[in-house]
Amino acid sequence: MMVSKIYEKAPAKINLLLDVLRKREDGFHEVEMIMTMVDLADRLEMEELPRDQILLSSQVGFIPLDEKNLAFQAAKLIKERYGVRRGVYIHLDKQIPVAAGLAGGSSDAAATLRGLNRLWNLELSTDELETLGAELGSDVPFCIRGGTALAKGRGEKLESLSPPPQCWVILAKPPINVSTADVYGKFRVNDLKEHPSIPDMLDALSRQSFSDMCASLGNVLESVTLNRYPEVKQIKDCMLKSGADGVLMSGSGPTVFGLVSKEIKVARVYNGLRGFCKEVYVARMLT
Ligand SMILES: C[C@](O)(CO)[C@H](O)COP(=O)(O)OP(=O)(O)OC[C@H]1O[C@@H](n2ccc(N)nc2=O)[C@H](O)[C@@H]1O
Ligand SMILES: Nc1ncnc2c1ncn2[C@@H]1O[C@H](COP(=O)(O)OP(=O)(O)OP(=O)(O)O)[C@@H](O)[C@H]1O
């Protein structure tokens, strides 16, 4: 039977660890990251159109719905690469905050590739989808694979890991716009005093140790974003003060996430953010 309408979830990612090794000749940075997903997710609905066209809609009015949207770019790329002469209508139910450091656009692109692979019976493997996704952005391959992974290269070389210990994730996004290219552009690897330890984080994850996972969190891009935007540092301090067990900025920011093992502490951290930050979300690790 021909399926004409499908649904895909596009979860947000957080970086439990983000280290930069060096700047590369192609302008990108060689990174080592440990990424995982949380259950805050966009929802995509994809429906076959009778004409050869890509149409996008969303319930939020402040994101582009044309070629600038990563979901549109993903649909165009897979159509062109595999010679698909069919159309699709994509509705994007946006729940992940935009330009937040949570890979919202990348996850939408990944969900579009996964969804159109099914809708158009292309039978592409996850590896093939990841390779295609890398053309759209460094975070897209991880968003295709999902779960928890060690990412190297510019973020596209992935090794799957076992999931982190289950916990609550409180996400707080200050009302500022941070450009990823800008943050990497201002980053100076030689100014770093220390690098976060990938082996320590891998060890914490393999032992399912929540406290060691919190102790091993680290993101070298904080050196740029926290200096430039003191409100991001304030949010970190505020979460720590109100009892979060571990706190870190995700990606290039500005979203800060706090990890909490006991539900009873969630309300305290959430309430502690009042007056500091309006946009706060409570999520769980996707395990
Ligand atoms: C900050 C992270 O989100 C952490 O997961 C990623 O490293 C960035 O992933 P992304 O937003 O998918 O990044 P891309 O869309 O590929 O690149 C945006 C810009 O960020 C810079 N960039 C990105 C990735 C990387 N490894 N080195 C870089 O220098 C480049 O200037 C690039 O032009
Ligand atoms: N599907 C999409 N959803 C949200 N924003 C999008 C989308 N496609 C393109 N954009 C544009 O991309 C910019 C970055 O949005 P996005 O939410 O992907 O950033 P991000 O979470 O910081 O990503 P990353 O963590 O990968 O750096 C926004 O300014 C927006 O205009």
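Good morning. The domain assignment of the protein chain gives domain 1, residues 5–161, and domain 2, residues 168–284. Please bear in mind that this is a predicted model. The mean pLDDT of the protein chain is 96, with 99% of its residues at 70 or more. The model scores are ipTM 0.97 and pTM 0.97.

I shall begin with the way the domains meet. Their C-alpha centres lie 23 Å apart. Across the boundary, 22 residues of domain 1 are in contact with 32 residues of domain 2. On the domain 1 side, strand 1 and strand 2 each supply at least two of the touching residues. Strand 1 has the largest share of that side, nine residues. By class, the domain 1 side divides into 14 nonpolar, three polar and five charged residues.

I turn now to the ligands. Ligand 1 is surrounded by 19 residues, of which the closest are Gly137, Ser138, Asp139, Tyr184 and Gly251. Which elements supply at least two residues each to this shell? They are strand 1 (5–23), strand 2 (29–49) and helix 5 (180–186). Domain 1 and domain 2 each contribute at least three residues to the shell around ligand 1. Its composition is seven nonpolar, ten polar and two charged residues.

Ligand 2 has 20 residues around it, and those that come nearest are Leu70, Ala103, Gly104, Gly105 and Asp108. Helix 1 (70–81) and helix 2 (104–119) each supply at least two residues of the shell around ligand 2, and helix 2 gives the most, with four. By class, this shell has nine nonpolar, eight polar and three charged residues.

Is serine 250 buried or exposed? Serine 250 counts as buried, because 26 C-beta neighbours lie inside 10 Å, and the threshold for a buried residue is 20 or more. Beyond its neighbours within four places in sequence, serine 250 is in contact with Ile14, Asn15, Gly101, Leu102, Thr255 and Phe257. The C-alpha atoms of serine 250 and glutamate 222 are separated by 8.8 Å, although these two residues stand 28 residues apart along the chain.

Technical notes
Residues numbered from 1 in each chain as written. Chains lettered and ligands numbered in written order. Predicted model: local features only at pLDDT ≥ 70, side-chain atom pairs only at ≥ 80, totals over all residues. Buried ≥ 20, exposed ≤ 12 C-beta atoms within 10 Å, placed from the backbone. Contact = placed C-beta atoms within 7 Å. Near = placed C-beta within 6 Å. Nonpolar A, V, L, I, M, F, W, Y, C, P; charged D, E, K, R; others polar. Domains from an automatic or database assignment. pLDDT = per-residue confidence, 0-100.
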